[in-house]
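Work through the exercises below with the sequence and the model open. Try each task before reading its solution.

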Amino acid sequence: MGVHPLKKFIYHHGITAKTYNIIRNYRRNKFNKLSDADFARQYYRKNTGRELNLENPVNFDEKLWYLKLHVRDPLLTICTDKYRVREYVKQCGLEHILNELYGVYDSFEEIPFDKLPKRFIIKCNHTSGMNAIFDRERPFDSVYYKHEFGYWMKRNCFWDSREWNYKDIVPKIICERILEQPGKSCLDDYKFMCFDGKVRLVFGETGICMADGSHNPDSVRNVYDRDYHLLKGVRFTRNNFPEEMLPKPKNYEKMVEYAEILAKPFRHVRVDLYNIDGEIYFGEMTFYHQGCCSKVYPEEMYNEAGSWIDISNL
C-alpha cells in the first residue's frame, strides 16, 4: 500500500499541508474531554462491536483495559519509549540483542543524511508505526517525510487510545541499522505474549513491513504456544497462514528466555524479537496489544487469555 498519492500531493503544498494536519488533529482530539473510562467504552465498541465490561472484566481485552486505566508504573513509560527502552534492555544484561543505533534527533531537519550510512530506518520513539526507510540509491520524498514526522513529533499519542505510558515520553527521532533477512523482503516478527513474566503465547508474523518502512495492514499472524506448537484455529485479529511458512527459528529457546527476562516486572507485556539465522534482535515492548481491541477466535481463547492477567491488588 505505502503512502497514498493524495497525501503526498497535500504535503507538497504548504497551505494544504497545514489545513490537513489541523483536520487530523481535530478528528483525533474530539474525544479528549471524555473520561478515560467513557473513552474506553466508546473506543472498544467502535473497534470490536462489543460492550466493554470494566466492572467485572473477563476476557483478554477487558483485563488489558483495566490495567490501562489503573497501572501507573513509570517503568512502563521507559519501556514504551523506543529510545529509552535500550537502557532497560542493557540493565537486564541483554545489550547484545540491541540493534545498532546511528543517531537520535529532536526533529527531522536535524538528521544528517549525508553523514549517516547509505541505508537506515527512521522511527519516532513515541508512536506506533511511524517509520521510514532511507536508501541513498532510491527516491526518498524528504518533503513528505518532513511534514509527516513534523506532525507526529508534536502529537501526544496518549490521546489516541489513552495509553498512560505514552503520556510523558519526550518525542525523539531515532535512526537505526536496517535488519535484513536473507531471501525475504522484510523480517519475520516474533511477538512473545508474557503474563506475570512467563511466555504463554507467541505470535509469529510475516509480511509486516512495507518497502517504505511502514506497517502492512494485511500482514498475517499465526498463534503458537510457549513451545512453538501451532494453535490451529486460533486467531488474534489477523488472518492465519500455512504453518510451513514460518518454521521454528534457531535458538528459539533463547528467545523465550530473553522475553521472560524483559517481562519479569510486569503483569502483562508483549516482547517483540527478531531472529536472523539464529541471531536474536530486540524489537520493542508493548503493554496494550492492539490498543486493547483485539478480535480473538475462538471465544474460549479470548477468555482463557484474560484469565492469565492478574488484576488483583489494583
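**Exercise 1. Decide whether tyrosine 190 and tyrosine 228 are buried or exposed, then describe their ring pair.**

Step 1. Both tyrosine 190 and tyrosine 228 are buried. Buried means under 20% relative accessible area, exposed over 50%, and partly exposed in between, with a 1.4 Å probe and protein chains only.

Before going on, note the source. The model is predicted, so local features need pLDDT of at least 70 and side-chain atom pairs count only at pLDDT 80 or more, while totals for chains, interfaces and linings use all residues. Residues are numbered from 1 along each chain as its sequence is written, and side-chain values use heavy atoms, with hydrogens and water left out.

Step 2. A pair of aromatic rings is described by the distance of the centres and the angle of the planes. Rings of Phe, Tyr and Trp (its six-membered ring) pair if their centres lie within 6.5 Å; planes under 30 degrees apart count as stacked, over 60 as edge-to-face and the rest as tilted. The centres of tyrosine 190 and tyrosine 228 are 6.5 Å apart and the planes stand at 50 degrees, so this pair is tilted.

Step 3. Tyrosine 190 belongs to strand 5 and tyrosine 228 to the loop between strand 7 (220–225) and strand 8, so the pair ties together parts that are 38 residues apart in sequence. Helices (H or I, at least four residues) and strands (E, at least two) are DSSP runs, numbered from the N terminus.

**Exercise 2. Classify the ring pair of phenylalanine 158 and tryptophan 159, and state how many aromatic pairs there are.**

Step 1. The count comes to 26 aromatic pairs.

Step 2. Phenylalanine 158 and tryptophan 159 are edge-to-face, with 4.8 Å from centre to centre and 70 degrees between the planes.

Step 3. Phenylalanine 158 has 5% relative accessibility and counts as buried, whereas tryptophan 159, at 26%, is partly exposed.

**Exercise 3. Give the strand order of the open sheet of four strands and find its edges.**

Step 1. The order is 1-4-2-3, and the pairing is antiparallel. Two strands pair if DSSP finds at least two bridges between them.

Step 2. Strand 1 (101–105) and strand 3 (131–135) each have a single partner strand, so they stand at the edges and one side of each lacks a neighbour in the sheet.

Step 3. Strand 4 (residues 173–176) is joined to strand 2 (residues 119–124) by four bridges, and four bridges also join strand 1 to strand 4. Across from strand 4, isoleucine 121 is opposite glutamate 176, isoleucine 122 is opposite cysteine 175, and valine 104 is opposite isoleucine 174.

Step 4. In a regular strand the side chains alternate between the two faces of the sheet. From strand 4, Ile173 and Cys175 point one way, Ile174 and Glu176 the other, and all are buried.

**Exercise 4. Find which residues of helix 10 (residues 299–307) are buried, and why they share a side.**

Step 1. The buried residues are Met301, Tyr302, Ala305 and Gly306.

Step 2. They cover an arc of only 140 degrees around the axis, which puts them on the same side of helix 10. The arc is that of the directions from the helix axis to the C-beta atoms.

Step 3. Glu300 and Ser307, on the other side of helix 10, are exposed.
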